[in-house]
Amino acid sequence: MDYAKKVIDQMPLKELWNAQGPVQAVRESDILNTDEIKNILRTGPIKFAVADVVLQWISLDDCFEFWKTAKSNIANKDQFFLEDFPDGFAYVASK
């Protein structure tokens with residue numbers, strides 16, 4: 001299987017992967033709000049993975065720049081309306 005082109009077919013994801021194959025990871029919490037993400041970022045760079053048809057990994061070098069652009073689109077609860085977010089899309093974050 002070409003993991004670089006693997007299509008996401010369910011949410012939440014049951015596993016994470018990169019171009020080399022499955023990534024060893026365990027979901028610690030379901031939905032993080034922006035304050036929780038800020039607290040995690042205070043410990044240092046983190047690896048973001050964006051699930052949008054295919055899994056896109058944000059490099060550690062780019063994590064803070066990504067956060068600056070993504071934070072206004074973080075859904076802080078499990079039920080939300082896309083029209084309440086800039087450009088009509090939202091991220092649901094988990095750790």
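**The largest pocket**

The largest pocket is lined by 37 residues, and those that lie nearest its centre are L16, A49, V92, A93 and S94. Among the elements, β2 (21-23), α1 (34-41), β3 (48-52) and α2 (63-70) give two or more residues each to this lining, and β3 gives the most, with five residues. A pocket here is an open set of points on a 1 Å grid over the protein atoms alone, where a 1.4 Å probe fits and protein lies on both sides within 12 Å along at least five of seven lines; lining residues have an atom within 4 Å of a point.

The volume of the largest pocket is about 1,200 Å³, taken as the space filled by probe spheres set on grid points that are joined across faces, edges and corners. Its lining residues divide into 27 nonpolar, eight charged and two polar, where Ala, Val, Leu, Ile, Met, Phe, Trp, Tyr, Cys and Pro count as nonpolar, Asp, Glu, Lys and Arg as charged, and the others, Gly among them, as polar.

**Basis of the model**

The model is predicted, and local features need pLDDT of at least 70, side-chain atom pairs count only at pLDDT 80 or more, while totals for chains, interfaces and linings use all residues. Residues are numbered from 1 along each chain as its sequence is written, and side-chain values use heavy atoms, with hydrogens and water left out.

A51 has L55 in β4 as its bridge partner. One residue separates β3 and β4 in this hairpin, and V53 in the turn has a positive phi of about 70°.

**Nonpolar cores**

The largest nonpolar core has 13 residues, with I37, L41, F48, I58, F66 and W67 having the most contacts inside it. At least two of its residues come from each of α1, β3 and α2, and α2 supplies the largest share, four residues. Such a core is a set of buried (under 20% relative accessible area, 1.4 Å probe, protein chains only) Ala, Val, Leu, Ile, Met, Phe, Trp, Tyr and Cys residues joined through side-chain atoms within 4.5 Å. Another core lies apart from it, with five residues that include I8, L13, W17 and L55.

Conventions
Two strands pair if DSSP finds at least two bridges between them. Buried means under 20% relative accessible area, exposed over 50%, partly exposed in between (1.4 Å probe, protein chains only).
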